[in-house]
Amino acid sequence: MKMVYNVEDKPKFGQVIVFAIQQLLAIMAATLVVPVIVGNGMSPAAALLGAGLGTLVYILFTKAKSPVFLGSSFAFLGSMAAAFAGGVSVALGYVGLILGAIFAGLVYVIIAIVVKFAGVEWINKLMPPVVIGPTVAIIGLSLAGNAVGDLQKGGITTAEGASVAHPLICVLIGVITLIVTMLCSTYGKKMAKLIPFIIGILAGYVVATIFTIIGISADIPALQVVNFGHFTGLVANGVNLNTFFAWPEFTFLTAFGGLKEISGAYIGTIAMAYTPVAFVVFAEHIADHKNISSIIERDLLNEPGLHRTLLGDGVGSMVGAFFGGCPNTTYGESVACVAITRNASVVTIIAAAIGAILISFLNPFVAFVNSIPACVMGGVCMALYGFIAVSGLKMVQVVDLNKNRNLFVASAILIAGIGGLSLTFGKITITSIATALILGIIVNLILSKEKEETEE
């Protein structure tokens, strides 16, 4: 795929700012929602700051050659919940979050050392295009339900979590967002092609605001899509410095109070909760980097090298958890944003990371992002997740599907992944994507003799 801006290119300053905001909008919703799901007072703003710092660490380790943003990992949700299990104090739970990220990061460091000395050829043989292509595809397809679910929701919900706005109104707004995004990406001038998500989100937000104003004026809840409460909460106690700036609640500050409660048994529990999941996320790490490599037409597993991407991801995850509690991981939304906009400039990723750090202190911007209705993000995510799926299918183009071996491998991965085959062992859950990849590797190895028999 031909890039408008390649990895080493440096767009103009004004363009970089706009491109960075677009990257942030692509990854911000998922990054902010992870600490909300975990609860226990975790700060979404701190998670955003941790993601920004983690991304800068990743860029440093990869020698600024991999245009990927790191965000809060969903794979570790169960592990993070385990840190607070058993009625432990919040302070001790925060200690567990940091320790868990260290354990997971050490797994990456160990694998990176192995890769450094053993090379990556064994990975290419273990995961050829017939394995990695369908796996990348199901990363996008597995998120399809999230996009469609969001498409039918507004920003105001009842106590039970149901959307106040009518689903058809939400779908209309989401589709408008999607269409504007696609039109800008396809027919727009150069700048519009580079920022289709910003234009699409703003268009959807404007339409949602119009419906909401009409709904408030006519007292029709079904038309109220935007939750302006995120803004009114800023001025509830009058306009002051806290209205605009706030100090995020960093994980390590709370964790200081829990150090005296730590025990060997608790450390063992955290190690068992995080370490196995790190091996699972390693598989997704490979898939993401194979995907971005095919998009920018540079093999990142060889240069800067898989050992560097692993170190960047692992250490970046530790940094993210230290400040925000959430281990980080490479984001498919970021990869899709690069693919659709054809902007692979690492300068953009660096600017986005710095922006995430700055924004975490700015209440109005966080309030704006939180006020974007789910249906607007759902419309954008239909394009993002779809592009991830299509990127995986493009990898399969080089595979000879006339051979039964390849058909069975791809079929096993697609059905297991789309069907949601996940495996749970106690507190450890192997995600459907990782399960599908492992199954694909096993099937590929079992059927590997078909090629030899055909040649004979």
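In the predicted model, helix α8 (residues 167-187) packs against helix α19 (residues 374-396) at an angle of about 45 degrees, with the axes 7 Å apart. Axes are lines fitted to C-alpha atoms, for helices over the stretch in contact, and angles run from 0 to 180 degrees between N-to-C directions. Helices (H or I, at least four residues) and strands (E, at least two) are DSSP runs numbered from the N terminus. α8 and α19 are therefore oblique to each other; angles under 35 degrees count as roughly parallel, over 145 as roughly antiparallel, 65 to 115 as roughly perpendicular and the rest as oblique. The crossing of α8 over α19 is right-handed, a crossing being right-handed if the near helix is turned clockwise from the far one by less than a right angle, and left-handed if anticlockwise. Contact (heavy atoms within 4.5 Å) involves C170, I173, G174, T177, L178 and T181 of α8 and C375, V376, G379, V380, M382 and A383 of α19. By class, the α8 contact with α19 comprises eight nonpolar, four polar and no charged residues.

Helix α10 (residues 196-217) also packs with α19, at an angle of about 150 degrees and with the axes 9 Å apart. α10 and α19 are therefore roughly antiparallel, and their crossing is right-handed. On α10 the contact is made by F197, I201, G204 and Y205, and on α19 by V376, M377, V380, A383 and L384.

Residues are numbered from 1 along each chain as its sequence is written. Local features need pLDDT of at least 70 and side-chain atom pairs count only at pLDDT 80 or more, whereas totals for chains, interfaces and linings use all residues; side-chain values use heavy atoms, with hydrogens and water left out.

Three salt bridges (a side-chain nitrogen of Lys or Arg within 4 Å of a carboxyl oxygen of Asp or Glu) are found in the whole structure. E8 and R298 form one of them, at 3.0 Å from N to O. E8 lies in the segment before α1 (13-38) and R298 in the loop between α14 (264-296) and α15 (301-324), 290 residues apart.

E303 forms salt bridges with K63, at 3.4 Å between the closest N and O atoms, and with K65, at 2.5 Å. K65 lies in the loop between α2 and β1 and E303 in helix α15, so this pair ties together parts 238 residues apart in sequence. Shared partners join K63, K65 and E303 into one network. K63 is partly exposed at 39% relative accessibility, as are E303 at 36% and K65 at 31%; buried means under 20% relative accessible area, exposed over 50%, and partly exposed in between (1.4 Å probe, protein chains only).

Methods: Ala, Val, Leu, Ile, Met, Phe, Trp, Tyr, Cys and Pro count as nonpolar, Asp, Glu, Lys and Arg as charged, and the others, Gly among them, as polar.
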